[in-house]
Amino acid sequence: MTPVTKTYADSVSLLKDKLGDRWIIGTPLGIGKPNPLLNYLYKHAKANKPLHMEIFTALSLEVPKGNSLLERRFLQHFNQRFFGQYPELAYIDDVKQDCVPDNIIVREFYMQSGKLLHSKTAQRNSVCSNYTHVARDMVDRDVNVILQMVAVKRSAKGNLYCLSCNPDLTLDILKMAKRRGKPRPVVIGLVNPHLPFMGGQAAVEADFFDLLHDHASDYFEPFATPAQPINPTDYSIGLLASTLIKDGGTLQIGIGSLADAMVYCTRLRQQHNSVYQDLLAETNISNKFKSLIDKTGETGKFKQGLYGASEMFVEGFVHLYEAGILHRKVYPDAQIQGLLNEQKITEKIEPGWIKKLLEWQVIDDTISATTFLRLKHLGIFKADLTFNKGCMSDSAGRVFSTDLNEPDNLEAIEQHCLGDRLNHGVVLHAAFYMGSKRFYQWLHALHDNKKSLFQMTPVSQVNELYGGETLDRLQRINARFINTCMKVDVLGAAASDSLEDHQVVSGVGGQYNFVAMAHALDDSRSILMLRSVHTRKSRVESNVVWKYGYCTIPRHLRDIVITEYGMADLRGQSDEICIRRMICIADSRFQDNLRVQAVSHQKLSPDWQVPAEFRNNTPQMIEQQFKSAQLRDYFPQYPFGEDFTAQENVIISALQWLKLNTGNIFAMLATLASAQLVKPGEAEIPYLKIMKLEHVSTFKEKLYAKLFIYALRQQ
């Protein structure tokens, strides 16, 4: 029987007894880390130098701190309200400050975006690996401990536990270690009822664990991500992407404001289709990209709906589900799924099914025990049926022969044994989840019969075709794998996780898997979204480039690329056509330079010029296109709810203005000069209190208070 304890020292004793002084710890990415337990073990290792401890993980989430005095003051206020008593990971500061002890190594295969660019420790210990290969890499490294936060369902019969947000790697690691004949890692769980309980493969019995910690002092709200604002640039990209999604298809999306914008526009397509069609006409999308939309996508309402196959269960899927879009169910049987795809059957079971299944050679002419269980599991047979000695019986005592060669037997089964609808349909398979507080509350409140529609699985199931390829291909029809990237060169190679000097921004994750899968599946496409430019140190740079020194997605896997200015279909096209199409969706400030470079390298005809309809690719044009829609209350900054108060939003706007207007020495001097004479008025006092600047004593505080007041007055 699995021990349940309140004391972390019991984990230390267990690990010492079983493993000695070498602990290779695997712990989930994102919110599945058992932070209090992990912190205890980390501090124990710091105090015991003979112990070698290695932590292999990803996405170690950090509460934001800010850089300047004003950012830090604001975030101290916001964090106290929003994150409360969230127990931060003890090793993060050591990694950032490059002071992890010599007897401890922290390795991550995916980092919180941009947070560890300046950490030598993080950059040197980064592991570049496809998400689907991480379990293999951890087993190769002889991982011998798995630490995981788990959900619980309590009852008088005993507790049932759940890997909840992170069955992604844990199940794959244990399966692979067993297959290779390696010792099973010690599995220790930290129970947290605040974690939503998910069923399916994520549900496990108590004996899955070697030790369980369960005490109220360990319970904490999972890390939640504050909602990001969506601007017109993001909405333009999202609107374009929404036109490429086919009804009756499959969807994979990631996290971030671009994905949220795509979800909003897809929901708009469903709920306000006339408005949606008007927007496509007003923005000239329906004309400019008609051939691509006609070939690859649709713009009408969803009748069949979508199925989600995504490594990450993001909140966007909830909004698609609530809007009646995410409702195409898939089933765990390849032959039945194939018949559904061909529209030979529906989810409703009707008399005549068994005869048809015979004709289509789905079943044999005698029902075996295996076939009986299969049909019962799918709901084709009623739940009260039993099978014994070649016969079926129901709760009324009727007995049915399973020899279907006899017409009377077949008729009796059709009349008395069939269920009403297919069972075990799923609208989403995903390997991990993370999101807002609203998202977690929705998962908690979801009734069990609906929760079963959302199945958490190992990452190997959703990110690959291998293992269950026949079924996967039948489920993932007309798939659209929609992801974001940082840079795309004019030949279609994309950089999504690292800079060209090899500094790691985030990680490959599953992006490569999904891009490759789009090429492997019939009628499926990879869609990479990116903003056409970014601003660095007050200088605007193009994200569409001639070449870049690093790529996540090689150019031979090029497919569809979307910026706010349009869509470039690159699949199967010549280099010259790709270059033309990429220049057409670049910001107009950089188009001529890209054209000249392409011509100089003999990849583009000198006669080709940017078409007139793409010569006005400017931020002003995008703002103008969405102005009227925003005035009609479409395309709000926070379409799915926000986490900042009205006062906090004012402060954020002021800080953003200040950052923009102190980006270089000249702007900074001008702003400082203008701010010198300001004095706080009655209107600024509440904001100064939030920032703890109502009473200042040091020169630095006085200077920042003046800058802050001046920035507030610019809003």
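At 1% relative accessibility, D587 counts as buried (under 20% relative accessible area, with exposed set at over 50% and partly exposed in between, using a 1.4 Å probe and protein chains only). Its salt-bridge partner is R589, with the closest N and O atoms 2.9 Å apart; a salt bridge here is a side-chain nitrogen of Lys or Arg within 4 Å of a carboxyl oxygen of Asp or Glu. R589 itself is partly exposed, at 48% relative accessible area. Elsewhere, salt bridges with shared partners tie K295, R525, D559, D569 and R571 into one network.

This is a predicted model, so local features need pLDDT of at least 70 and side-chain atom pairs count only at pLDDT 80 or more, while totals for chains, interfaces and linings use all residues. Residues are numbered from 1 along each chain as its sequence is written, and side-chain values use heavy atoms, with hydrogens and water left out.

Over the whole structure, the search turns up 39 salt bridges. One of them pairs R81 with E648, at 2.7 Å between the closest N and O atoms. This one links distant parts of the chain: R81 sits in helix α3 (residues 69-82) and E648 in helix α26 (residues 646-660), 567 residues apart. Helices (H or I, at least four residues) and strands (E, at least two) are DSSP runs, numbered from the N terminus. E648 is buried at 1% relative accessible area, whereas R81 is partly exposed at 39%. R136 and D137 make another bridge, with a closest N and O separation of 2.8 Å; R136 is partly exposed at 32% and D137 is buried at 16%.

What the E315 side chain does have is a polar contact with the side chain of S436, at 2.6 Å. A polar contact means a pair of N or O atoms within 3.5 Å; within protein, one must be able to donate a hydrogen and the other to accept it, and residues adjacent in sequence count only if both atoms are side-chain atoms.

On the nonpolar side, the largest core holds 169 residues, of which F313, Y433, F454, F635 and F708 touch the most other members. A nonpolar core is a set of buried Ala, Val, Leu, Ile, Met, Phe, Trp, Tyr and Cys residues joined through side-chain atoms within 4.5 Å. Another core, of 31 residues, lies apart from it and includes Y42, I104, L211 and V504.

Helix α7 (residues 170-179) has 7 of its 10 residues buried, so it is largely enclosed by the rest of the structure. Its cover includes α6 (131-140), β5 (145-153), β7 (186-191) and α20 (459-462), with contact meaning heavy atoms within 4.5 Å. Just after α7, G181 takes a positive phi of about 75°.

As for cysteines, the count of disulfides is 0 (a disulfide being a pair of cysteine sulfur atoms within 2.5 Å). The sulfur of C128 is 11 Å from the closest cysteine sulfur, in C551, too far for a bond. C162 is in no disulfide either, the nearest cysteine sulfur being that of C165, 8.4 Å away. C128 is exposed at 63% relative accessible area, while C162 is buried at 0%.
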